[in-house]
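Colleague: Could you walk me through this model, one piece at a time?

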Amino acid sequence: MPPLSDPRLGQVRVALEAAERGRFDAAANAGLADHPLYGWIELADLRRDIDTLPPSRALAFLQRYRGQAVAAAFRESWLVSRARTEDWSGYLAAWEPGIEDTALRCHALNAQQVLGRVEGDWSAEAQAIWRNSGTSLPSACDPVFAALERRGGLAPALRWERFDKAVAEWQPGVMRSIAQGLPETERALAIDYAAFLDAVHPRALDWPKTERSRLVASHGLAKLGKDDPDRAESLLAPHAQALGFTEADRGRAMYQIALWTVASYLPDSARRLNLVPEASYDARLHEWRARDAMARSDWPAALAAIRRMGADQRSDSRWQYFEARLAAMTGDNATADRLYRAAARQPEFHGFLAADRLDQPYALCPWQVQAAPAERAVVVGDPAIVRAMSLQRIERHGPAVAEWREAMSRMDDAQRRIAVEYAQANGWYDRAVFALGRGQPEELRLYHLRFPLDHAATIRRESAKYRIDPAWVAAEIRAESIFNPRARSPADAMGLMQVLPSTGAAVARRYGILYGGTSSLYDADTNIALGTAYLRQMMDEYGGQPYWAIAGYNAGPAPLNRWKSQRPGMDPDFWIETISYKETREYVARVLAFSVIYDWRLGGDALRLSDRMRGRVDGPRKGFACPAPVAAATGG
């Protein structure tokens, strides 16, 4: 598929930058008026002084680009401007039903009531926004709710309905705000309910024994359990007795007390887990019960915890693998073999580990996008795709994604896959990650799209220089940036391997790497050199164990050292599963699994994952095979 070519794209970038700075000259850029991105240049120009923009120009722009992403982007800015300037007629002239943003919906309802254009369903829509969530709503909704109250549409029952949602969301501020509109006879108790969510107090012991009192008390104790599980447990019994807690009420509080005890691996976790009623268990608490037993090396308890999971959770390859592992430790090799075989069918971390236990090839069934030239031409020529690709080329990622989404909303599955392939051919790699596999599991087999491989020569060179597995480096890039050299995180990590400027400078000094300052982290070669050298540094500091280095790369040295000291000598698979941070636990497993797939991409076979995570780079290699379909069960 040929790469995108547009000789005028440089001019477009210059014009767009000028418009963003308020220096756009339409006459001087008349030659770009027919360019697909001209609407985005106009948008940048119109936004500069949007509050004083004549409504006729705004509405003309919306009409000219109707149905395009650029119109939707401008409409949002224009509506915000009309609300800010209280031009309610202008607001309704630009309004379109179907807009989901809550603040904009509230502005529309307010505009209708200010202008006296309230229609029959006005109250119903306002009430729907009111009851939708127990969290704080935008201030734009305040005049709407005031008008709703004047119309008699905020009866106490509706206030209590949202109040109860706010209780479940642990939002005492919202509870307190709602309480102000309740009848005086109910207000004081509602305010005291809110105070209990803020800080547990003894007055609750004298509350009326109602379902709502129990709801508030149990959620208040649950919220306390997250921060102080010891105190929450000590207060649970007296409140349960005073208010007549049901098992569900007690379980609601005890769930959080147990969860935050076990998630921090505090003493007494097993006892507290056993106090949670079985009906209050969900998948999250089930896995923590298993993880807690593993962390204590209580293998029988860990096995029992897995076997108490629901069928769907237990059939996940993660828990199939660990149930097999634990069954083998008890001598039940037949069960272990059956479960390893089931897990090994999945091309992910635990499936690869299971395949190692069976000494069989890794499961992989690659699939390529198949399409006729005419089908590809339709997708490549789609106006929104053309605009999306062009915007991505000039580093306007937000608008590019907006155009992409508009195109995806119209395309069928086959067209969407062609679009992803085209994006990758032009260096926009993350479209495969965000656009494939959503409701179409077979698309996960498009490995060449989901696991791009750019800068392979640099990866190989720097990996050899620092004695790091190149598949690991590629996996880190895939996990950190999806091969976007301009990636930047909220924490200021930059480039392909998401290197912090301070880390980049320190690593450059330590290894003598040419470093041109922060901006050089966007250079692919520099970033890969620094990131790979940093992996070498972490390997040297953390005993040559990649799984420790990967955990440290994600979480930092302090948490890593704590986890190492808590579970010294534990086997890598159990150690990884018992990492207390979910993000890091999943990250380590993901990077190691990605390493196997990138080994396949780089050379066609792979180092055994069991060796890879222990830092053994010269061990035996193995191949990949597509498992035969499982025969469907038939009735007899």
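Modeller: We can start with Ile 257, which lies in helix α14 (residues 247-262), helices being DSSP runs of H or I with at least four residues, numbered from the N terminus. This is a predicted model, in which local features need pLDDT of at least 70 and side-chain atom pairs count only at pLDDT 80 or more, while totals for chains, interfaces and linings use all residues. Residues are numbered from 1 along each chain as its sequence is written, and side-chain values use heavy atoms, with hydrogens and water left out.

Colleague: Is Ile 257 buried or exposed?

Modeller: Ile 257 counts as buried because its relative accessibility is 0%, where buried means under 20% relative accessible area, exposed over 50% and partly exposed in between, with a 1.4 Å probe and protein chains only.

Colleague: And which residues is Ile 257 in contact with, leaving aside its neighbours within four places in sequence?

Modeller: Ile 257 is in contact with Gly 225, Pro 229, Ala 232, Glu 233 and Arg 272 on that basis, contact meaning heavy atoms within 4.5 Å.

Colleague: Switching to Glu 462, which helix is it in?

Modeller: Glu 462 belongs to helix α28 (residues 456-465), and it counts as buried because its relative accessibility is 5%. Its side chain is joined to that of Arg 461 by a polar contact of 3.1 Å, meaning a pair of N or O atoms within 3.5 Å, where within protein one must be able to donate a hydrogen and the other to accept it, and residues adjacent in sequence count only if both atoms are side-chain atoms. Not counting residues up to four places away in sequence, Glu 462 touches Ile 528, Ala 529 and Thr 532.

Colleague: What about the largest nonpolar core, which residues touch the most other members?

Modeller: Of its 88 residues, Phe 349, Trp 575 and Leu 592 do; such a core is a set of buried Ala, Val, Leu, Ile, Met, Phe, Trp, Tyr and Cys residues joined through side-chain atoms within 4.5 Å. Helix α35 (residues 582-603) gives the most to this core, with 12 residues.

Colleague: Which residues does Leu 592 touch, not counting those up to four places away in sequence?

Modeller: Leu 592 touches Phe 349, Tyr 547, Ile 550, Ile 576, Leu 609, Arg 612 and Met 613. Apart from this core lies another, of 61 residues, among them Val 12, Ala 44, Val 379 and Ile 394.

How values were computed:
Helix = DSSP H or I, 4+ residues; strand = E, 2+ residues; numbered from the N terminus.
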